[in-house]
Amino acid sequence: MTTTMEDYYDGSRTFSWLADFIDVPIDQVNFLLTQFTALILAGFLRTFLSPVAVTAATRHVFGLVIGLALGYFCFGRQAIHLAGLPALCYIAMRTQNPRNIQRVVLTTAMLYLSCVHYHRQMYNYGSYTLDITGPLMVITQKVTSLAYSIHDGLTRREEELTPTQRYQAVKKMPTTLEYFSYVFHFQALMAGPVIFYRDYIDFIHGRNLTGARALTGCDKNSAHYDEIVLEPSPSPVVIKKVIVSLLCAAMFVTFIPTYPIQKLKDDDFLENTTVFYKMWFLMVTTMLVRFKYYHAWIFADAICNNSGFGFNGYDTNGEPKWDLASNVDVYGFEMSLNMRDSIEHWNKGTNRWLRSIVYERTQYNKLVFTYALSALWHGFYPGYYLTFANGAFFTMVSRITRRNIRPYFLGSKGMKFLYDALTFTTTRFLMAYMTFSFILLEFIPSVKMYLYVYLIPHIIGLTLLVIAPRLPKIPSHKKVTEKESKTSQELINGTARKSM
């Protein structure tokens, strides 16, 4: 007996009539309704339940209750997992030695999440239906990052910590209300981003505005550091982000039928198209799928901003920044010159999480362990592991190439521009080549695509790994200045804007 989306999805059917009317699956309709509801309630939280108007407990309860209600509306009985994973992790936090708490919580959370991932693959293989794994992945990030922060705050000396670890360190165990409010707060429950405990507690108590003063250049030791900082209205940036989010959704819905990812499994497409067309198709279809993520993440960012969360001080021009909760920099990702910049601008919350619990704490094979945890966190589809294995490989290739070949192009502005133009183009190809298997999910179709493009990127990568380290070193005095090195990025960005 085949399990369909209708059988597997356990969310509310109240708005099935709307789903039928606009011809959109009920899971997506419910997701949109919860996000628009969260956007409205976020404004209510900022306006009527501000830190100066109500107690912290009131704000905790409001965020907790709304989060649970939206979770149950969207996932029905599956919402029990939203409570089950954090409950087990909280028991571990309260009972385990702080020196080992981070390992126990990480193991508990990942085992629970893995069981849910496995269940979905068994009963709903290859489906893109909205289910509980999305919010559960964000909750896993929250509870594990909190466990590491508690470990840092209670067992390690400040001089042993990195600046980020020192800032995020938690020196006392959260109360039950604080913990579950942090886990379930509605602003970031459905689509993230992961918000670290210290930032959330500062927001609840209104200390985020005081902390923002440090970004304007005021000395923390001055008498004015604890002054009340008037929060600028988030309305302009919220409206802008909602509009951009809806435009991204429109782009995805309009053009993805023309470039469906499933076409990569079509024998006619594989056998009767050129390598160049296949690469072009990969670039377009993966870009269109990214617009789905842009829509969800930018809208979630708008929800956080509308509640007052996300204010990050002022820039050098005195303009307010609302990027503390931003999960993606669309322009930064699409116009990046190398893989490092691409990765930094994509799913930034997850990048911070992986850096804080793996990369900064691992002595050896940092890259391998970081990509391995990221793959396990996503689930067990073979396509995920192909993507992250390729990510680790091509990240290593790009590092060695940049270290050994880039100096040859730093003798003049023209050569530097040529190098950046080449890396810009190569990065676009590589991101499509690495990530299509993440979307396709399946192993055999992904490997067939690799073979039909003759593994050209892999072969070039292996060649660079062998040859690049053996090239003669270029003296440092031949390199252009930092000011000159920015010219290529500006020229490429300007050219791109003209062509858009």
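Predicted model: local features only at pLDDT ≥ 70, side-chain atom pairs only at ≥ 80, totals over all residues.
## A helical chain and its salt bridges

Welcome! Residues are numbered from 1 along each chain as its sequence is written, and side-chain values use heavy atoms, leaving out hydrogens and water.

**The chain as a whole**

- The protein chain has 24 helices and zero strands; both are DSSP runs numbered from the N terminus, with helices being H or I of at least four residues and strands E of at least two.
- Of the 500 residues in the protein chain, 51% are buried, where buried means under 20% relative accessible area, exposed means over 50% and partly exposed lies in between (1.4 Å probe, protein chains only).
- Among contacts in the protein chain with a separation of 6 or more, 72% come from residues 24 or more positions apart; a contact means heavy atoms within 4.5 Å.
- The protein chain has an accessible surface of about 24,500 Å², and carbon and sulfur atoms own 64% of that area, as computed by the Shrake-Rupley method with a 1.4 Å probe, where for residues only the protein chains shown count as cover.

**Salt bridges**

- Side chains of opposite charge can pair when their charged atoms come close.
- The count for this model comes to 16 salt bridges.
- Back at the opening pair, Asp202 and Arg198 both sit in helix H10 (residues 197–205), four residues apart, or about one turn of the helix.
- Asp202 is buried at a relative accessible area of 7%, whereas Arg198 is partly exposed at 30%.
- Asp202 also forms a salt bridge with Arg207, at 3.1 Å from N to O, and Arg207 is partly exposed with a relative accessible area of 40%.
- Elsewhere, salt bridges that share partners link Asp152, Arg156 and Arg361 into one network.
- Glu159 and Arg157 form a salt bridge too, with 3.0 Å from N to O, and both of these residues are exposed.

**Cysteines**

- A disulfide is a covalent bond between the sulfur atoms of two cysteines.
- Searching the whole structure turns up zero disulfides, using a limit of 2.5 Å between a pair of cysteine sulfur atoms.
- Cys74 is buried, with a relative accessible area of 0%, and Cys248 is buried as well, at 6%.

- The buried residues of H3 include Phe31, Gln35, Leu39 and Leu45.
- Val242 belongs to helix H12 (residues 235–255) and is buried, with a relative accessible area of 14%.
- Setting aside residues up to four places away in sequence, Val242 touches Leu39, Phe299 and Ala302.
- Val242 and His295 are 53 residues apart in sequence, and their C-alpha atoms are 8.6 Å apart in space.

Definitions and conventions: Salt bridge = Lys/Arg side-chain N within 4 Å of Asp/Glu carboxyl O.
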